[in-house]
Amino acid sequence: MGNMALDRTETTSVEAILKGALARESRALSGVAPVISHMLDSPGQALVTDAIVARLRGMLNDLAQQLLYACQTSPPSEPSDPAVIDALAEDIARDTALLEHLYALAIEGHLTARLEQRASLDPVLSVLLQELIASDQPSIAELAMGTLAAQSRFMQSQRRMDLPLGELPSELFARVLAKFQSADLGLAAGEIESALASLRANYDEGAGRLGLLARLTSSMRGGAVAALELEHAGLALFTSSMAALTRQKRDFAVLACHENQAARLALSLRAGGMSAAGVERQFMLINPSQMLPEDLAALPTDRAQALLDGIAA
């Protein structure tokens, strides 16, 4: 009976610590979009921040350029007017949900490159992805090959600081098109409607990288827990599996890997069914300087999930 009381005390203590830390981290995340909006207009930030802001600017301009290209009936002989691109990019950047998603992609690209440098993790072909490609189930092998190609394109896009429109989640794709439709760019209504129809006809969310990762994670079923070993899975599958196992948006799973989101990462891994020793292994790769709360093992997985659900609500 005494041991049970001690366990409950330990659980309450670590839960309170993580709950407070998660609340602080979530408040910080809620302020990301306004800060990014300010930074996009204010050059001269720190080195890593500059790199993230540059990627955001690049992706926004590339999305605007693709929308304008879609209005042309033949391949463009020269780039669109930079002033028009900037105006459209600025307009779509006012969408907070889009800006937060692009920020998560930029963070993912940055963290993937950092893990390659620091821990020699291949940014495209992880050990787990190799195993899935070699699966004796043709459907899974084909899906894994498609994911490999999509991840390769993502890393190339991050280096070029661009983003294909087709890689946006369906909700954000629709919002970007709505922004384009309502923007005052001096284009004929017929041109815009024709471009919108073409873009919608060619859009397939399931064929994009995020759709492929979600389908591949789902195909692993209970094996998705194995993808919580970052060194084995690679960051892309690691974050997709963590999101699926804990019912989080994938963007939050990516941002949990940021050095200032240690409580979210610890709770996500614990809610996903990982032992305290396993959580510590992931922290050594992602946030080696971060200290885990004592008695993390005493926190049940269902309580970790409840804390994540509570902050999401």
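**Cysteines, a helix face and a loop residue**

The model is predicted, so local features need pLDDT of at least 70 and side-chain atom pairs count only at pLDDT 80 or more, while totals for chains, interfaces and linings use all residues. Residues are numbered from 1 along each chain as its sequence is written, and side-chain values use heavy atoms, with hydrogens and water left out.

Buried means under 20% relative accessible area, exposed over 50%, and partly exposed in between, with a 1.4 Å probe and protein chains only. Cys 71 is buried because its relative accessibility is 10%; Cys 257 is buried because its value is 1%.

Helices here are DSSP runs of H or I with at least four residues, numbered from the N terminus. Helix H14 spans residues 276-286, and its buried residues are Gly 278, Val 279, Gln 282, Phe 283, Leu 285 and Ile 286. These residues line one face of H14, because they fall within an arc of 160° seen down its axis, taken from the directions from the helix axis to the C-beta atoms. They pack against helices H5 (96-119), H11 (230-246) and H13 (262-271).

Glu 205 lies in the loop between helix H9 (189-201) and helix H10 (209-220), and counts as partly exposed because its relative accessibility is 38%. Beyond its neighbours within four places in sequence, Glu 205 contacts Pro 169, Ser 170 and Gly 211, contact meaning heavy atoms within 4.5 Å. A polar atom of the Glu 205 side chain lies 3.1 Å from the backbone nitrogen of Ser 170.

Key
Helices (H or I, at least four residues) and strands (E, at least two) are DSSP runs, numbered from the N terminus. A polar contact is a pair of N or O atoms within 3.5 Å; within protein, one must be able to donate a hydrogen and the other to accept it, and residues adjacent in sequence count only if both atoms are side-chain atoms.
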